[in-house]
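Please take a moment with the sequence and the model before reading on. The paragraphs that follow lead through one chain, then the other, and end where the two meet.

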Amino acid sequence: MGRLANRQLEVKDLRTYFFLRNSVLKAVDEVCINIGEKEIVGIVGESGSGKTVTALSILRLVPFPGRIVTGEVIYKGRNLLEVEEIEMRKIRGKQISMVFQDPMTFLNPVMKVGDQIAESIMIHQGIEKKEAREQAMRLLESVLIPSPEIIVDYYPHQLSGGMKQRILIAIAISCGPSLIIADEPTTALDVTVQMQILSMLKDIKNRLSTSILLVTHDLGIVAGVCDRAYVMYAGKVAETGRVLDLYEDPLHPYTRGLLRSTLSIDEFKEELETIEGYVPSLISPPTGCRFNPRCPCSIEICRKEEPKLLSKKGKGVACWLYR
Amino acid sequence: MLQGTTRVSRGQVWLKYASNRSALLGIVILSFFIILAVLAPIIARHAPFRIVAKGLQPPNLAYPMGTDDLGRDILSGFLFGSRVSISVGLTAALFSIAIGILVGSVSGFLGGSIDDLFMRGTDFFIMLPRFFLAMFLATIFGTEIYITIVIIGVLSWPGTARLVRSRFLSLKEKEFVQSARAIGASNFLLIFREILPNAISPAIVNGSLEVGNAILLEAGLSFLGFGDPNNPSWGFMLSIAQHFLSIAWWMAVFPGIGIFLTILAANLVGEGINEMTEPKSREWRRGGPIGKQTT
């Protein structure tokens, strides 16, 4: 794991629960994440594994009835979970910004895209509208949008999905954040556009020296873009480490299962392997290790006690097989 | 999906509006009366209250709408009366939209106990008998035209407030609001810059229909003697005419036509805007949308 000195963001023991009428859904439970400077860190997992909620918790944007119960999000020496809401607003968009999943719905349909970019600049830098508009045009240019002086006056529905995603990226980088949280930024796009967006994110990281937290369910994207990754399962971190280590020598049975169930051009598979069963209900998760009902290597203790995340072979893994 | 996603150029908007013939008629009549009202002091040959001729003359060449019991020119009264009716109608409607939008948006956005409080207040105003309360308030506060405007405005905002609130309830959950939050937008910005432009079209439609109601309410008030005596309105002329209905029909008919036509026109315009913002209702009959539609 290393590089402890220059941590950009540190999430410690984060628990975000959703308080439903009669029950509590533990969407994120005891999650710890570190992001170093100029590092692209991935969070991978199936849907419902808590990866998006983790991302939203960092910015304190968890929707009702969700609530961050305990934990710390340390950013520049401050615990973001304890700062005032007004302070938090100054951090959102300026220091830590977010790129969302679906560019179709995350842009305001009745606002010109230029104004939407300018809005963020005006909120945080307090400059005049005219100047903000010029900055918006420069930003459009930097995300490779052709003829920005025309596009700046377009409404979202006049643009394609890929262009809209670039607008969202332009909004995210408008105030030079030190961390960008990208929540499945390519899920709604087709494969060729995915590549463009991902290489743009990489380029932004190098150009603006920001860190990026990339939330995705696509192992291929993690392999292609990320330096390190966290594999999440049922609201918990199952395994973490450098991407290369994770792929070459996965320790947790869940990570192994995930990797086996991906398709590859290089190797022919008669039938796609799957992980048996479903993601458990987070209202009443299985006792012991949350993966044990689906785990092929489950042993006695797995059903009784929850494994802690321990370091093993330069990685972190939460599994009883590695005690 | 959202009404606001229809974006076309100004010329196209006008073409689309004009393709609805009754709406076109409405705007023609309304603009005709607005022009009359603006130009009243120039076109009218006499001051509205001046006694210029023998009383109770039927319409003739010199006095196209006849004269009233005191020998005042009804055409001049009609022209000046349009000023009162139209200015009261437009400003009272504007006033009521403003209150309705403010209450509806804050209530819908904040939710919780503030929403409860505001909506119970709205229910209270809906429950009130509008006309009698307007009379009551006019008795207390007087009958000057601006007081009438405030009274009508204050009594007619609840419909708009409810419409705007319901739009806010669904819009505040939309993803673009979350993304605005993520760039650090305050509640004020979220309400007025992000959500309101998406929620405003039903409020505008409702407001344009409110214009007709306001004109009618004002006419009713003046008819019963709660009008501004210094600014003769159509309702005021009608209230004088009722005593001479059997011998001087022209005293009642012309102001009556004025009220009828302006209210009709205001409603046609309201309907026209409504159909324009709800494309489904009309375009199928007319063979496809004008301008680009996204759903």
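Of the 295 residues in chain B, 44% are buried, a value computed, like every other one here, from a predicted model. Chain B holds 12 helices and 0 strands, so that its elements, read from the N terminus on, run α-α-α-α-α-α-α-α-α-α-α-α. Taken along the principal axes, the box filled by the C-alpha atoms of chain B is roughly 75 × 50 × 30 Å. When contacts in chain B between residues at least 6 apart in sequence are considered, 71% of them join residues that are at least 24 apart.

One helix of chain B can be followed in detail. Helix α2 of chain B covers residues 21-43 and has a kink of about 40 degrees at B:A37, a position that lies shortly before the proline B:P41. Which residues of α2(B) are buried? They include B:A23 and B:G26, together with B:L30 and B:F33. The buried residues of this helix pack against three other helices of chain B, namely α1 (10-18), α3 (74-110) and α11 (249-277).

Chain A can be approached through its sheets. In one of them, 4 strands of chain A are arranged in the order β2-β1-β4-β5, forming an open sheet with antiparallel pairing. At its edges stand β2 (24-36) and β5 (78-79) of chain A, each of which pairs on one side only. Strand β1 of chain A, residues 7-19, runs antiparallel to β2(A) and is joined to it by 9 bridges, and a hairpin of 4 residues leads from β1(A) to β2(A). Within this pairing, A:F19 has A:V24 in β2(A) as its bridge partner.

Another open sheet of chain A is built from 8 strands, in the order β6-β7-β8-β3-β9-β10-β12-β11, and its pairing is mixed. The edge strands here are β6 (96-99) and β11 (310-312) of chain A, since each pairs on one side only, and from one strand to the next the twist averages 20 degrees. Helix α6 of chain A, residues 161-173, packs on this sheet, where it touches β6 and β7 of chain A, and the direction of the helix makes about 175 degrees with that of β6(A). Strand β7 (residues 179-183) and strand β8 (residues 211-216) of chain A run parallel and are joined by 5 bridges, and in this pair A:A182 stands opposite A:L214 in β8(A). As a general point, side chains in a regular strand alternate between the two faces of the sheet.

It remains to look at where the chains meet. How many residues does each chain bring to the contact? Chain A gives 25 residues and chain B gives 19 residues. On the side of chain A that touches chain B, at least two residues come from each of α2 (85-91), β6 and α3 (113-125) of chain A, and the largest share, 4 residues, is that of α3(A). Sorted by class, this side of chain A consists of 12 nonpolar, 7 polar and 6 charged residues.

Terms used
Residues are numbered from 1 along each chain as its sequence is written. Chains are lettered from A and ligands numbered from 1 in the order in which they are written. This is a predicted model: local features need pLDDT of at least 70, side-chain atom pairs count only at pLDDT 80 or more; totals for chains, interfaces and linings use all residues. The bend at a residue is the angle between axes fitted to the seven residues ending there and the seven starting there. A residue is buried if 20 or more other C-beta atoms lie within 10 Å of its own, exposed if 12 or fewer, and partly exposed in between; C-beta atoms are placed from the backbone. Two residues are in contact if their C-beta atoms, placed from the backbone, lie within 7 Å. Two strands pair if DSSP finds at least two bridges between them. Axes are lines fitted to C-alpha atoms, for helices over the stretch in contact, and angles run from 0 to 180 degrees between N-to-C directions. Ala, Val, Leu, Ile, Met, Phe, Trp, Tyr, Cys and Pro count as nonpolar, Asp, Glu, Lys and Arg as charged, and the others, Gly among them, as polar.
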